[in-house]
Structure formats: structure tokens, C-alpha cells
Amino acid sequence: MQTLHDIAPLRETLQTHRMAGRRIALVPTMGNLHAGHLALVDRARGLADVVVATLFVNPLQFGAGEDFGQYPRTLESDRDKLAAHDCDLLFAPSVETLYPDGLETQTQVQVPDVSEGLCGGTRIGHFDGVATVVSLLFHLVQPDIACFGEKDFQQLAVIRKLVADLHFPIEIVGVPTVRAEDGLALSSRNGYLGDDDRALAPAFHRELSRCRDALASGRPPDAALSEARQALQASGFRVDYLEIRGPSLAPFDIARHAEGRLLGAVYLGSTRLIDNVAVSLPRPTGSGIRHG
Ligand SMILES: Nc1ncnc2c1ncn2[C@@H]1O[C@H](COP(=O)(O)OP(=O)(O)OP(=O)(O)O)[C@@H](O)[C@H]1O
Ligand SMILES: CC(C)(CO)[C@@H](O)C(=O)[O-]
Ligand code: BAL
């Protein structure tokens, strides 16, 4: 596997692949790789001739007081994991390489509406930073395909809208969340949890699953959400948000949607965890909607 840190050799190498008619798949990451990231690489491997992973802890998507400085940087072991999963090229630029004029004057990309609320409601400006760096990576790599995890469900929706609005000729592939055996969604930030909080953390997914089952059996959404919030608080979580949205994150309207997404973010101490599950609700009788 080739590792590149600069833009010129990246462009040159990719141009050679493009001239040879090879399909290129991109897997953007912030590193500290785990089996969730590697599932994206495996999916990319199955869909393209050339797999490019990127490793960049993007300062533009971290708010003041967030963990940019503390975020784990593990280039050597990440490189070994990517090579073992048959990745062809790792692009790991410095902040100065991607943003040579500094962050203050950097041109930014905003994806309105879908970036607001949920994680965007708490992490103000976060999705502008994500949309900006992903646009930059799309321009530099010009992939045919790009793979993103469903664990970051709002991010996936933001990127789908970005690609549609800016007419990027890129197929966006969403990959299901990879979980630990106890159900906790794998995430680099799980490493911040001490032993006691790590033991508590799987209760987050258990409550989401319980809420999903309650909704499927006809519990009214407001009641099911309120019970799940109470259960999470009683277990020691601080709930940031817990919401049901339509499948592409539009507001959930039970008269129009049967399928949706239950999304949540919680804090254990200062560690913020996110997760989401698909939900399927019975339509209320008398909704006037007919199927078939
Ligand atoms: N458990 C997982 N299953 C599937 N995809 C995942 C998982 N965790 C992360 N990803 C995906 O990997 C890509 C890179 O994510 P990132 O490097 O931020 O990892 P992360 O573990 O989510 O880190 P963080 O803890 O900072 O959120 C994103 O597309 C993300 O959705
Ligand atoms: C997509 C991404 C690599 C952009 O920095 C990041 O938000 C992530 O790791 O999910
Ligand atoms: N996993 C999405 C990147 C972030 O939390 O900043």
C-alpha cells in the first residue's frame, strides 16, 4: 500500500489509475481505525479497482472546547490495518496541506436544513466542516464511489445532499453500523470511556432497541421516546437528543411515514456517543392512507 501526504503525487497517481480506466473508491476517515472503518474498506474493495482511504483529523469540524487536540492519532497501526484489508493508497495530509491559508479564511461548503438539529443542533458548524473537507477530498480524489458509515447517519444524509446539489458524479454507499458483541456501536471515542462507563455504554443501544420494539408494537411515539429518555437518564446517561425522523431525516410524520429512523446522542461523563436504528411503525387507524 502506498502512503501519500501531499496533493501533487496523489493527483498524479490517481490520474494514472483513471487513464487505465480503473474505478476508484474513497473511504474518508479520521483514523484510529477499528472494525467499523475496515467494513467500509472491505465494501469499497468489493466495488472498485482502486481503494483510497484518507486519514485526516479535520479541525474545521470540531467546535471550541471539543476534543480536536485529544483525538487519537495512530498513523502507524492504521497503516498496517489498511494494508491488511488490501487498501491501495492512504492519503494522510497535514492541516497545512489541506488548508494552507489557515482556517479563518478557508472557503466553506454549507448544506442547509439537513445539517440542522440532531448533532448539528449541539455541534454548531460541525457539518459545515464535514461538508467542506469531504468536498475537498472529492475534488482531490475524484472517486467513482465513496463509502460512509450509517453510525454517523446525519453525516451520511448531509453528504448525499451535498453530492446531489453539487452534481458530484459519485455514488455514495452507506454501510451498516458495526457493533461490539454487547451492542455498542464501534467508535474511536469509545476509547475515552473508563471501565465503569464502558460497562454502562451498551445500555444506550439496548434502550434504542427497546424503543424501536415499543414503536413497532404500536406505542405512541411521544410516549415511547419519553420512556426511553427516562430509562437512559436513570441508567446514568445525559441525553443530548432522542428523536424519530423520516428515512432521509425529514421530520417524521406518522400519517405519511411507516418507516423512519430513531437517532440519539448521549453523554457518559464528557464522552458523547451517537447511535441510530431503523424503526417501522404501524400506521394509525383512520389515517386515510391506503396501501397496495
Ligand atoms: N461502527 C461503525 N460502523 C460503520 N461505520 C463506522 C463505524 N464507526 C465509524 N464509521 C464510519 O467510518 C467513517 C470514519 O469515521 P470516523 O473516523 O469519525 O470514526 P468514528 O469511530 O466514528 O470516530 P468518532 O468516535 O470520532 O465519531 C465514517 O463514515 C463513519 O460513519
Ligand atoms: C467524513 C469525515 C472523515 C470527514 O472528516 C469524518 O466526519 C468522519 O470520520 O466521519
Ligand atoms: N464521526 C464523525 C466525525 C466527528 O464526530 O467529528
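## The shell around ligand 2

Ligand 2 is surrounded by Pro28, Thr29, Met30, Asn58, Gln61, Val130, Val133, Val134, Asp152 and Gln155, where a residue counts as near a molecule if its C-beta atom, placed from the backbone, lies within 6 Å of it. This is a predicted model, in which local features need pLDDT of at least 70 and side-chain atom pairs count only at pLDDT 80 or more, while totals for chains, interfaces and linings use all residues. Residues are numbered from 1 along each chain as its sequence is written, and chains are lettered from A and ligands numbered from 1 in the order in which they are written.

Strand β2 and helix α6 (126-141) each supply at least two residues of this shell around ligand 2, and α6 gives the most, with three residues. Here helices (H or I, at least four residues) and strands (E, at least two) are DSSP runs, numbered from the N terminus. By class, the shell around ligand 2 has five nonpolar, four polar and one charged residues; Ala, Val, Leu, Ile, Met, Phe, Trp, Tyr, Cys and Pro count as nonpolar, Asp, Glu, Lys and Arg as charged, and the others, Gly among them, as polar.

## The shell around ligand 3

Ligand 3 is surrounded by Met30, Gln61, Asp152 and Gln155, and by class its shell has one nonpolar, two polar and one charged residues.

## The sheet

Six strands form an open sheet with parallel pairing, in the order β1-β4-β3-β2-β5-β6, and two strands are said to pair if DSSP finds at least two bridges between them. The edge strands, each of which pairs on one side only, are β1 (2-4) and β6 (171-175). From one strand to the next, the twist averages 25 degrees.

The chain passes from β5 through helix α7 (residues 153-165) to β6 in a right-handed β-α-β crossover, meaning that, with the strands pointing away from the viewer, the path from the first strand over the helix to the second runs clockwise.

Helix α3 (residues 75-84) lies across β1, β3 and β4, and runs at about 165 degrees to β3.

Note on methods: Axes fitted to C-alpha atoms, helices over the stretch in contact; angles between N-to-C directions. Contact = placed C-beta atoms within 7 Å.
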